[in-house]
Amino acid sequence: MDNLHKLELSKEEMRAYGYKVIDTLVDHFTTQNDKSPVAIASRKEMDDIFQEDVPNLPSDPDQVLDFVTQHVLPNSNIVSHPKSYSFVPGPSNYVSVMADTLATGFNIFSGGWAASPAAAELEIVTMNWLLKLFKFPAKKGGGIFTSGGSMANLTALVTARRQKCGDDFSKAVIYMSDQAHSSNVKAIRVIGFKKEQIRIIPTDGEFKMALNKLKNAISKDRLSGLQPFCIIASAGTTNTGTVDPLEEIGAICKKEKLWFHIDGAYGGAAMLSQKGSKALKGIEKADSLTIDPHKWLYQPYEMGCLLVRKSKWLHDTFVEKPEYLRDIEGNTSEINFYDHGIQLTRRFRALKFYMSLKTFGLEAFRKAVSYNINIAEDVETMLRKSSKWEVVSPATLAIINFRYNPIDLDLNDAQIDALNQEISKRIIESKESLLVTTVLNNQVVLRMCLINPRTTMDHIMETFTACEKFASLILEEQSVK
């Protein structure tokens with residue numbers, strides 16, 4: 001370590017360090033199923049381990065790496081664990097991890113063509129694959145990889161505002177359901193809309209946007225002199241996996257001349273399966289579509305994506321021509337992705353998607369997504385045969401909601417809510433599974449998101465067995481009191 005001021009290691013040191021990192025990753029991928037998916041620690045516990053003054057003098061690199069493997073990695077949830085059911089898991093895959101390592105190691109700038117023609121070309125190629133999958137226009141369509149669904153939704157809404165409202169959006173109104181993802185509301189607030197310009201449309205008994213109430217809201221706003229300009233539909237809500245009536249909403253947008261944005265960050269990848277494709281009928285009618293490869297396309301964080309029907313919309317919305325970029329603009333076929341989104345400096349996200357698809361093939365991804373949908377339906381079948389469990393929202397795009405409610409106990413709603421909340425609390429404290437609650441129809445329910453292709457029915461049955469044991473203990477404790 002003689003060249004510390006150059007921030008360099010010797011060739012031998014780099015090689016040994018790299019092998020140690022790869023060994024750590026391989027060990028993680030081959031043993032993660034045997035570990036606990038849950039990490040629990042208080043702020044004080046973390047402060048006690050990590051708080052220190054900024055290090056002024058060097059440390060041995062192996063010691064630093066050992067410290068990280070002993071204290072940082074074990075204190076993080078394993079979202080690729082087969083018993084990580086909550087939120088939206090991140091199953092990931094090793095090839096994409098290595099691709100990310102290459103992209104980061106070479107520090108490839110993926111903002112403009114001149115900096116990396118190959119990076120720009122691979123983003124074009126993989127974007128075209130996605131356009132074809134979702135039946136968007138191949139020649140005129142386009143898109144951009146983003147950090148995640150939140151940034152993709154933000155990019156879509158800025159584009160919609162520009163194309164539909166121009167510079168004056170003071171009377172513009174946007175519509176979404178009460179099940180729409182919170183990132184949409186956040187994006188709307190970030191780009192300058194007031195709370196009064198957002199219409200939250202109630203959902204029906206299946207948690208789909210209520211079409212009549214949507215039409216009534218649009219009519220009322222027009223009669224009030226306002227400017228309806230965009231509807232956000234969900235293609236797989238986070239709570240239930242529900243898909244809004246996309247074809248019908250698309251027809252409303254066409255008739256009313258509104259921008260049609262579909263948030264498919266969770267469920268869009270279901271297009272790969274026959275069942276999912278049927279559920280997502282009408283998705284091709286969107287003006288813009290968010291999908292998240294780092295969810296159900298098994299990529300590591302961070303990788304979201306926005307697709308649009310006309311690539312020109314992105315360019316017209318985001319292009320700037322500062323003098324310091326005048327020499328690298330290139331010709332019109334050489335896409336500079338910094339002109340298609342918010343970021344100028346962009347990491348090379350396309351590489352991991354490209355390499356994993358090339359390695360495993362699209363058919364493997366199709367089988368994985370189909371497996372996820374089917375196993376959730378198997379869970380629903382199992383629950384409906386049980387006298388202890390109640391299905392609250394059926395298996396939809398690999399998400400199912402249920403609650404512990406034995407038919408022989410005749411518990412009231414408050415007791416059922418408290419019981420299921422406590423089941424979740426105890427199973428997480430046991431670190432057996434990551435299984436948290438959500439609220440549907442004012443009921444506390446347990447929710448499973450089963451998009452990990454390595455989750456088996458054995459994993460799931462072990463989790464339900466643990467839940468039932470905790471439920472018995474909780475009821476026993478309550479009877480003693």
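Good morning. I begin with helix α6, residues 149-165: its 17 residues reach 23 Å from the first C-alpha to the last, close to the 24 Å expected at 1.5 Å a residue. The expected span is 1.5 Å times one less than the number of residues. Helices here are DSSP runs of H or I with at least four residues, strands are runs of E with at least two, and both are numbered from the N terminus.

Before going further, a word on the source. This is a predicted model, in which local features need pLDDT of at least 70 and side-chain atom pairs count only at pLDDT 80 or more, while totals for chains, interfaces and linings use all residues. Residues are numbered from 1 along each chain as its sequence is written, and side-chain values use heavy atoms, leaving out hydrogens and water.

Helix α6 is mostly covered, with 12 of its 17 residues buried, that is, under 20% relative accessible area with a 1.4 Å probe, protein chains only. Among them are Leu154, Leu157 and Arg161. Just after α6, Gly166 adopts a positive phi of about 65 degrees.

Arg161 also leads us to an aromatic residue: its charged end sits over the ring of Phe169, 4.7 Å from the centre. For this, CZ of Arg or NZ of Lys must be within 6 Å of the ring centre and within 35 degrees of the ring normal.

How many aromatic pairs does a search of the whole structure find? The search finds 13, counting rings of Phe, Tyr and Trp (its six-membered ring) whose centres lie within 6.5 Å; planes under 30 degrees apart are stacked, over 60 edge-to-face, and the rest tilted. Phe169 and Phe193 have ring centres 4.9 Å apart and planes at 50 degrees, so this pair is tilted. Phe169 lies in the loop between α6 and β2 and Phe193 in the loop between α7 and β3, so the pair ties together parts 24 residues apart in sequence. Both Phe169 and Phe193 are buried.

In a second pair, Trp389 and Tyr404, the centres are 5.1 Å apart and the planes at 80 degrees, so the arrangement is edge-to-face. Trp389 belongs to strand β8 and Tyr404 to strand β9, so parts 15 residues apart in sequence are tied together. Ring pairs link Trp389, Phe402, Tyr404 and Phe464 into a cluster.

Strand β9, residues 399-404, also holds Asn401. Asn401 counts as buried because its relative accessibility is 0%. Thank you.

Methods: Buried means under 20% relative accessible area, exposed over 50%, partly exposed in between (1.4 Å probe, protein chains only).
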